[in-house]
Amino acid sequence: MTTSRTAGSVIPAPESLLDREAIREALARYCRGIDRLDADLIKSAYHPDAFDDHGPFKGTRDDFVEWIIPFLRREYVSSSHHLTTQSIDVYGDVAHVETYAIVVQEKQAGDDVRQLIANSRYIDRFEKRDGDWRIAHRIVVTDSARTDTVTPWQGTSPISSMTRGTRDHTDPVFRR
């Protein structure tokens, strides 16, 4: 990472800031793609020859997308990925990135709704190819997880009158 020092602080070079923002945008595309079950959006976060180690799945980007969308559709009625703490170390056209994620997924189990909350980290190697930062290699690490039975979203509370998200292009985020 190119930096300069001023009065004891390290100031990243403008190009490094742009690189880091492009990496953050790729991670946001990945999360939106997973939560909306959008294959093209998920793929846009990875280079075509990328490798993903997602626990039970280990393989290429395209095989990952072919596995994850049916899996999520079958197992969960909703998912929400929240990215938190990040460490991004840029070395030329390669970046080593650790991103903490809180993943919340809901599953219908008979009359019950079960909510899985996982505290995970994405350990990524990003590469900048033709000016485009994308994931080249990913390992998903889960530090803790729990499943709870929760009260379904219902009743007359203010939340029950709010727009419900969907897992496709009918979600309000796509109305622009």
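**Pockets, sheet and loops in a predicted model**

Trainee: What volume does the largest pocket have?
Mentor: This is a predicted model, so the value is computed from modelled atoms. The largest pocket has a volume of about 390 Å³.

Trainee: Which residues are the closest to its centre?
Mentor: The largest pocket is lined by 20 residues. The closest to the centre are His54, Val103, Gln105, Val140 and Thr142.

Trainee: Which elements each supply at least two residues of that lining?
Mentor: Both helices and strands contribute to the largest pocket. The helices are α1 (14–36) and α3 (61–75). The strands are β6 (94–109), β7 (112–129) and β8 (132–150).

Trainee: How many charged residues are in the lining of the largest pocket?
Mentor: Sort the lining by class. It has 14 nonpolar and 6 polar residues. The number of charged residues is none: the lining has no charged residues.

Trainee: What is the volume of the second largest pocket, and which residues are the closest to its centre?
Mentor: The second largest pocket has a volume of about 260 Å³. Its lining has 13 residues. The closest to the centre are Arg36, Ser78, Ser79, Ser80 and Arg164.

Trainee: How many charged residues line the second largest pocket?
Mentor: Take the classes again. The second largest pocket has 2 nonpolar and 6 polar residues in its lining. The charged residues number 5.

Trainee: Now the fold. What pattern does the protein follow along the sequence?
Mentor: The protein has 3 helices and 8 strands. Read along the sequence, the pattern is β-β-α-α-β-β-α-β-β-β-β.

Trainee: Which strands stand at the edges of the sheet?
Mentor: The open sheet has 6 strands with mixed pairing, in the order β4-β3-β8-β7-β6-β5. An edge strand here has a single partner, so one side is left without a neighbour in the sheet. The edge strands are β4 (57–60) and β5.

Trainee: By how many degrees are neighbouring strands turned against each other on average?
Mentor: Direction is ignored for this average. For neighbouring strands of this sheet, the value is 15°.

Trainee: How many bridges pair β7 and β8, and which residue stands opposite phenylalanine 126?
Mentor: β7 and β8 pair in the antiparallel sense over 17 bridges. Phenylalanine 126 faces a residue of β8. That residue is isoleucine 135.

Trainee: What angle does α1 make with β5?
Mentor: α1 packs on the sheet. It touches β3 (46–54), β5, β6, β7 and β8. The direction of α1 makes an angle with that of β5 of about 160°.

Trainee: And α3: at what angle does it run to β4?
Mentor: α3 lies across β3, β4, β6 and β8. Its angle to β4 is about 140°.

Trainee: Which residue takes a positive phi in the hairpin of β5 and β6?
Mentor: β5 and β6 run antiparallel, joined by 12 bridges. Tyrosine 91 stands opposite valine 94 in β6. The hairpin has 2 residues between the strands. The positive phi, near 65°, belongs to glycine 92.

Trainee: Is leucine 37, with its positive phi, buried or exposed?
Mentor: Most residues other than glycine have a negative phi. Leucine 37 has a phi near 55°, and its place is in the loop between α1 and α2 (39–43). Buried means under 20% relative accessibility. Leucine 37 is at 10%, so it counts as buried.

Trainee: Is aspartate 130 buried or exposed?
Mentor: Aspartate 130 also has a positive phi, about 50°. It is found in the loop between β7 and β8. Its relative accessibility is 85%, so aspartate 130 counts as exposed.

Trainee: Is aspartate 124 buried or exposed?
Mentor: Aspartate 124 is found in strand β7. Beyond its sequence neighbours up to four places away, it touches Leu27, Ala95, His96, Val97, Ile135, His137 and Arg138. At 4% relative accessibility, aspartate 124 counts as buried.

Trainee: What distance separates the C-alpha atoms of aspartate 124 and aspartate 52?
Mentor: Along the chain, the two are 72 residues apart.

Key. Residues are numbered from 1 along each chain as its sequence is written. This is a predicted model: local features need pLDDT of at least 70, side-chain atom pairs count only at pLDDT 80 or more; totals for chains, interfaces and linings use all residues. Side-chain values use heavy atoms; hydrogens and water are left out. On a 1 Å grid over the protein atoms alone, a cavity is a set of points where a 1.4 Å probe fits but cannot get out, and a pocket is an open set with protein on both sides within 12 Å along at least five of seven lines; lining residues have an atom within 4 Å of a point. Grid points are joined across faces, edges and corners, and a volume is the space filled by probe spheres set on the points. Helices (H or I, at least four residues) and strands (E, at least two) are DSSP runs, numbered from the N terminus. Ala, Val, Leu, Ile, Met, Phe, Trp, Tyr, Cys and Pro count as nonpolar, Asp, Glu, Lys and Arg as charged, and the others, Gly among them, as polar. Two strands pair if DSSP finds at least two bridges between them. Axes are lines fitted to C-alpha atoms, for helices over the stretch in contact, and angles run from 0 to 180 degrees between N-to-C directions. Contact means heavy atoms within 4.5 Å. Buried means under 20% relative accessible area, exposed over 50%, partly exposed in between (1.4 Å probe, protein chains only).
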